[in-house]
Amino acid sequence: MTTPDPRTETDEALWNDLGRDLRAARDAAGCDQHEAAQALGKHQTTVSKLENGMTSISREELIVLLDLYAAAPEAREAMLRNWDLIKSPTRQRGDDRVVTPQWFQLVEKREAQATAIHAWSGENFHGLIQSESFMILVFDGARRGTVMGDRMLKRLKRQRQFDRIDKQFVFLISTASLRNVDALPADIAADQLEHLIELAQRDNITIRLIPPPPNGYSEHNFVIMRFSSGERERAYSEYLDGVSWAAQRRLRKYRTAWAALQSIAFSAEDTLAELHRRYDLIDGRNPDRGT
């Protein structure tokens, strides 16, 4: 086991190295991925992604695994040192940086100020409810490097809003979006559904599925944000290259569309049951299941 040079290695290579070492330690301990996942309080697919360099882990979680595997002192020290190198703020990550577009900075600002966010997704999953592996696929395909590291940090920071128990989130998702999950690789599909299931069980988050209406959807996506400071509601639709903010006089259109969607939505309980059903079916395709 060697310590990588943080000046020349990409994020992808460093996480791959750590994942490979963790798998070797798990194999040596005679543990399977399900035992590791139980120790972390996560699903087996998370451990699989970690060992394949496809996701990150906190230092505390790394220590949990090292304790479970009873890793040898030298291996333990090397893996902790490598984790510190990956997270070092002085490590050279190259010039390939992600700059948040100015139009999205306003979205993030308003989102943080809102006390309630109501989001409708007719074609895809809203960014707030995308799992890490799903977002990698959306943004970057098979490429995972310094850009993805920065994007993941931005995504995780944005999702910290869910920890505000005084803030309410309602996500309406078309069943067509879920059908698209079936075409994804099994580990990504299972991860996205697991992510939705976890969010749906939080007290301040409601997720409801929407069946296709006979005449189609009036809007493919939009978000309505409400504020407690007396500020008027804001609404916008997001596109690949920007957002379209609704003028105050057009807010009624979005409220009407939201009410219509809610009127045909499955209950939160039925939605959770359907997510579990789809997860069980997709997870059965996972080649790492039971390893």
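Contact here means heavy atoms within 4.5 Å, and by that criterion Ile 129, leaving aside its neighbours within four places in sequence, is in contact with Gln 159, Phe 162, Phe 171, Ile 173, Gln 192, His 195, Leu 196 and Leu 199. The model is predicted, so local features need pLDDT of at least 70 and side-chain atom pairs count only at pLDDT 80 or more, while totals for chains, interfaces and linings use all residues. Residues are numbered from 1 along each chain as its sequence is written, and side-chain values use heavy atoms, with hydrogens and water left out.

**Nonpolar cores**

- A nonpolar core is a set of buried Ala, Val, Leu, Ile, Met, Phe, Trp, Tyr and Cys residues joined through side-chain atoms within 4.5 Å, where buried means under 20% relative accessible area, exposed over 50%, and partly exposed in between (1.4 Å probe, protein chains only).
- The largest such core has 35 residues, and those with the most contacts inside it are Phe 125, Ile 129, Phe 162, Phe 171, Leu 193, Leu 196 and Ile 207.
- Among the elements that give two or more residues to this core are helix 6 (102-113), strand 2 (168-174), helix 10 (186-200) and helix 12 (268-283), with helices (H or I, at least four residues) and strands (E, at least two) taken as DSSP runs numbered from the N terminus.
- Helix 10 supplies the largest share of this core, namely eight residues.
- A second, separate core of 22 residues includes Leu 22, Cys 31, Ala 36 and Leu 65.

**Helix 3**

- Helix 3 (residues 44-51) is largely enclosed by the rest of the structure, because eight of its eight residues are buried.
- Just after helix 3, Gly 53 takes a positive phi of about 70 degrees.

**Aromatic rings**

- Rings of Phe, Tyr and Trp (its six-membered ring) pair if their centres lie within 6.5 Å, and planes under 30 degrees apart count as stacked, over 60 as edge-to-face and the rest as tilted; the count by this rule comes to seven aromatic pairs.
- Phe 162 and Phe 169 form an edge-to-face pair, at 4.8 Å centre to centre and 75 degrees between the planes; Phe 162 is buried at a relative accessible area of 3%, and Phe 169 is buried at 1%.
- Tyr 236 and Trp 245 form a tilted pair, at 5.1 Å centre to centre with 50 degrees between the planes, in which Tyr 236 counts as buried at 0% relative accessibility and Trp 245 as partly exposed at 24%.
- Phe 162, Phe 169 and Phe 171 form one aromatic cluster.

**Salt bridges**

- A salt bridge is a side-chain nitrogen of Lys or Arg within 4 Å of a carboxyl oxygen of Asp or Glu, and a search of the whole structure finds 16 of these salt bridges.
- Arg 226 forms a salt bridge with Glu 233, the closest N and O atoms being 2.6 Å apart; Arg 226 is partly exposed at 32% relative accessibility, whereas Glu 233 counts as buried at 15%.
- Arg 278 and Glu 274 meet in a salt bridge through their side chains (2.8 Å, N to O), and because they are four residues apart in helix 12, they are separated by about one helical turn.
- Both Arg 278 and Glu 274 are buried.
- Salt bridges that share partners join Arg 23, Arg 26, Asp 27 and Glu 51 into one network.
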